[in-house]
Each structure stands twice: as structure tokens, then as C-alpha cells.
Amino acid sequence: MSQKEREVLEKIAQVMENLPSESLLAKCWTEEQKEEWQKARNIQVYLVECWRYKFIYNQVYPVPEAFNKPEVSKHKYDLIVLNVELYKAQWELIQVAEKYVKRVHTQPTKLLPNKVKNKLYKFFPDSIFLKPYPFNSAYDLFVATLKEEIEGAFEICL
């Protein structure tokens, strides 16, 4: 693995460990919501730890260390490892698919005359296809999907 790939994986780890975001904590009104936010953040700590072991250090996520933490059972450990593998698969998929996502996003408006585009803006001002493609890279797309997935799961309690 190249140094550049390691750096990208570390950037992903840094994003993951800061989810759900502090801005969502500020929206919590009750102690139960704050506790849920903290639980979600703690889960991310384990996921990031496992991510770094598996993909940056190229080592097995240490079972004995995980079991020394009373809150991590064998089933939680397995879930952590599987979630990290899922995130890695998503990252690999997005690296391949991002150029196609971008193409599909931009095609509908490229084919339309300006007159029709203006009508669409008028009747569907929030249509995603009428906005510029919001991502500069596969990394940006992946981070957006990661944030939506993790923060979306927490936002239910708000």
C-alpha cells in the first residue's frame, strides 16, 4: 500500500472518529439524547480503532484487548469488524463508481435546452439534477455517504 493510500485511509478514520458531529450534540435537548450521542461516538471510536489496525497498520484487530473492555462482548467485536469491512467495501465501490455517479448526475441537464432547464428550475427548484455535482472526488462522495449513514442513524432520536 502506498503512502498516499495510507494518508487517505487515515483521513477517513479521522472523519469517522468525529461522527456523529458536535453540531448534533448541540441539538440534543434531553439527557437521554446526549447519552445516545455519546454511545454513538463511542461506537465510532471502536470502529476507527479497528479500521486503523486492519487497513493502515495491516494487523488483526486485537481480540484480547477488546475483551479487556467490559462493554465489548464477542458479538460486539464481530459487529465492529464486520462494519469496518463494510465501510472498506463501500470505499472501494465508491472509488470505482464515482465517475459514473457524476456522469449520471450531469447527463439530464446537459441534454436539455436552456428554455426547458429554466422551467425545471421554476417547478422543481430543489431537484438534485438541477444543482451542480457537489463532490470533487470519490473521497468527498464517500465522506458524504458516511456522514449521512452515521448521523442519520443518530438523528432519529432527535
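1. Helix α7 covers residues 138–155, 18 residues in total, and its first and last C-alpha atoms lie 25 Å apart, close to the 26 Å expected at 1.5 Å a residue. The expected span is 1.5 Å times one less than the number of residues. Helices (H or I, at least four residues) and strands (E, at least two) are DSSP runs numbered from the N terminus. The buried residues of α7 are Ala 138, Tyr 139, Leu 141, Phe 142, Val 143, Leu 146, Ile 150, Glu 151 and Phe 154. Buried stands for under 20% relative accessible area, exposed for over 50%, and partly exposed for values in between (1.4 Å probe, protein chains only).

2. On provenance, this is a predicted model, in which local features need pLDDT of at least 70 and side-chain atom pairs count only at pLDDT 80 or more, while totals for chains, interfaces and linings use all residues. Residues are numbered from 1 along each chain as its sequence is written, and side-chain values use heavy atoms, with hydrogens and water left out.

3. The chain has seven helices and zero strands. From the N terminus on, the order of elements is α-α-α-α-α-α-α. Of the 158 residues in the chain, 32% are buried. Among contacts (heavy atoms within 4.5 Å) with a separation of 6 or more, 68% join residues 24 or more positions apart.

4. Helix α1 runs over residues 3–17; its 15 residues reach 21 Å from first C-alpha to last, close to the 21 Å expected. Its buried residues include Leu 9, Ile 12, Ala 13, Val 15 and Met 16. These cover an arc of only 160° around the axis, which puts them on the same side of α1. The arc is taken from the directions from the helix axis to the C-beta atoms. Gln 3 and Lys 4, on the other side of α1, are exposed.

5. How do α1 and α3 (residues 31–56) cross? Their axes come within 8 Å and cross at roughly 170°. The two helices are therefore roughly antiparallel to each other. Axes are lines fitted to C-alpha atoms, for helices over the stretch in contact, with angles from 0 to 180 degrees between N-to-C directions. Angles under 35 degrees count as roughly parallel, over 145 as roughly antiparallel, 65 to 115 as roughly perpendicular and the rest as oblique.

6. In this contact, the α1 residues are Arg 6, Leu 9, Glu 10, Ile 12, Ala 13, Gln 14, Met 16 and Glu 17, and they meet Arg 41, Gln 44, Leu 47, Val 48, Trp 51, Arg 52, Phe 55 and Ile 56 of α3. The set divides into nine nonpolar, two polar and five charged residues. Ala, Val, Leu, Ile, Met, Phe, Trp, Tyr, Cys and Pro count as nonpolar, Asp, Glu, Lys and Arg as charged, and the others, Gly among them, as polar.

7. Ile 12 belongs to α1 and is buried, with a relative accessible area of 0%. Leaving out residues up to four places away in sequence, Ile 12 touches Trp 51, Trp 91, Tyr 139, Phe 142 and Leu 146. The C-alpha atoms of Ile 12 and Val 143 are 7.3 Å apart, although 131 residues separate the two along the chain.

8. Two backbone points deserve a check. Most residues other than glycine have a negative phi, and most peptide bonds are trans. The bond from Leu 19 to Pro 20 is cis, with omega near -10°; Pro 20 is in the loop between α1 and α2 (22–26). Asn 58 is not a glycine, yet has a positive phi of about 55°, and lies in the loop between α3 and α4 (63–67).
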